[in-house]
Amino acid sequence: MKSKLALMMAVVCGSLSAGSIEVIATGEAEGKPDYFVMYVHLNSFCYDTPNESQAANERHIAQVMALFDQHKGTDKDRVVLESHHSLKKNEYTEPAKYTGLICEQKWRSTAKLKIHHQAIDKAYGLKMALVDFAGQVGKPDPAKPQQSYAQIYDPGFAQFATNLNATQAAADKMAWDDAMKRFLNLKGRCGIKNAKLLSATPKYESRPVGVPVEWVKGTDGGPLHYENYVQKATWTVKWEVDAAPTCSN
């Protein structure tokens with residue numbers, strides 16, 4: 001785990017008889033993803049019955065499963081059929097414009113597959129294999145009475161809950177420890193006495209790094225780009241203190 005620390009500090013001294021101190025400290029910790037998720041949507045349409053359109057999708061599901069098995073990394077990798085539904089409708093080559101009519105009031109079935117994969121270095125090869133598969137399935141064509149197409153989505157990367165919590169805990173500790181360190185430094189430098197803790201308020205953020213951070217060569221294909229996850233903790237800590245003879249930032 002790689003960590004970095006961003007710090008801010010504000011000190012407010014009140015009247016000669018009373019005063020207060022506020023310290024704001026922010027800690028950030030980065031963690032690499034543990035797995036990736038990919039989605040594949042299969043569509044078969046212009047069939048006379050829903051059984052026929054679903055059967056066409058099932059043939060394509062079998063093809064996706066074969067590709068998955070070729071790129072499987074661990075025994076925990078899996079494919080989940082999240083839904084498989086059918087409806088009767090008109091089909092067009094340009095649905096948004098309702099132009100290029102392919103068929104009228106025929107059955108369409110849509111299967112949504114979720115691929116959960118822990119072998120990060122196989123994401124690129126699996127994605128490209130699925131892209132090739134989608135090209136072979138084809139795209140809507142008014143010359144074909146019954147047809148299918150596949151939609152392939154880019155992999156998304158994430159951490160397991162235990163690792164995500166550990167990354168957050170690291171950020172949390174960095175922020176809190178630095179807030180205490182800065183307070184003790186102020187206490188000694190400014191002659192602060194009788195400090196009383198008033199409040200300690202945390203704020204948390206979780207996000208991927210906003211820019212490319214790492215390129216890894218996949219074991220079964222070209223480069224793979226993913227973003228590390230960042231856990232950010234910000235602590236705002238306030239003390240009530242006696243008046244200090246000197247107090248400056």
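Author: Strands are DSSP runs of E, at least two residues long, numbered from the N terminus. In this predicted model, H41 lies in strand β3.

Reader: Why is H41 called buried?

Author: Buried means under 20% relative accessible area. H41 has 14% relative accessibility, so H41 counts as buried. Apart from neighbours within four places in sequence, H41 contacts A111, K112, Y149, A150, Q151 and Y153.

Reader: What makes C46 and C103 a disulfide?

Author: The cut-off is a pair of cysteine sulfur atoms within 2.5 Å. The S to S distance of C46 and C103 is 2.0 Å, so the pair meets the definition. The structure holds one disulfide. The pair links distant parts of the chain, with C46 in strand β3 and C103 in strand β5, 57 residues apart.

Reader: Why is the link of C46 and C103 called left-handed?

Author: The angle about the S-S bond is -85 degrees, and the link is left-handed.

Reader: How do you know whether C46 and C103 are buried or exposed?

Author: The limit for buried is under 20%. C46 has a relative accessible area of 4%, so C46 is buried. C103, at 10% relative accessibility, therefore counts as buried.

Reader: How do you know that the buried residues of α1 line one face of the helix?

Author: The buried residues of α1 are S53, A56, N57, H60, I61, V64, L67 and F68. Seen down the axis of α1, they fall within an arc of 145 degrees, and so line one face. These buried residues pack against β3, β4, β5, α2 and β6. On the other side of α1, N51, R59 and Q70 are exposed.

Conventions:
Residues are numbered from 1 along each chain as its sequence is written. This is a predicted model: local features need pLDDT of at least 70, side-chain atom pairs count only at pLDDT 80 or more; totals for chains, interfaces and linings use all residues. Side-chain values use heavy atoms; hydrogens and water are left out. Buried means under 20% relative accessible area, exposed over 50%, partly exposed in between (1.4 Å probe, protein chains only). Helices (H or I, at least four residues) and strands (E, at least two) are DSSP runs, numbered from the N terminus. The arc is that of the directions from the helix axis to the C-beta atoms. Contact means heavy atoms within 4.5 Å.
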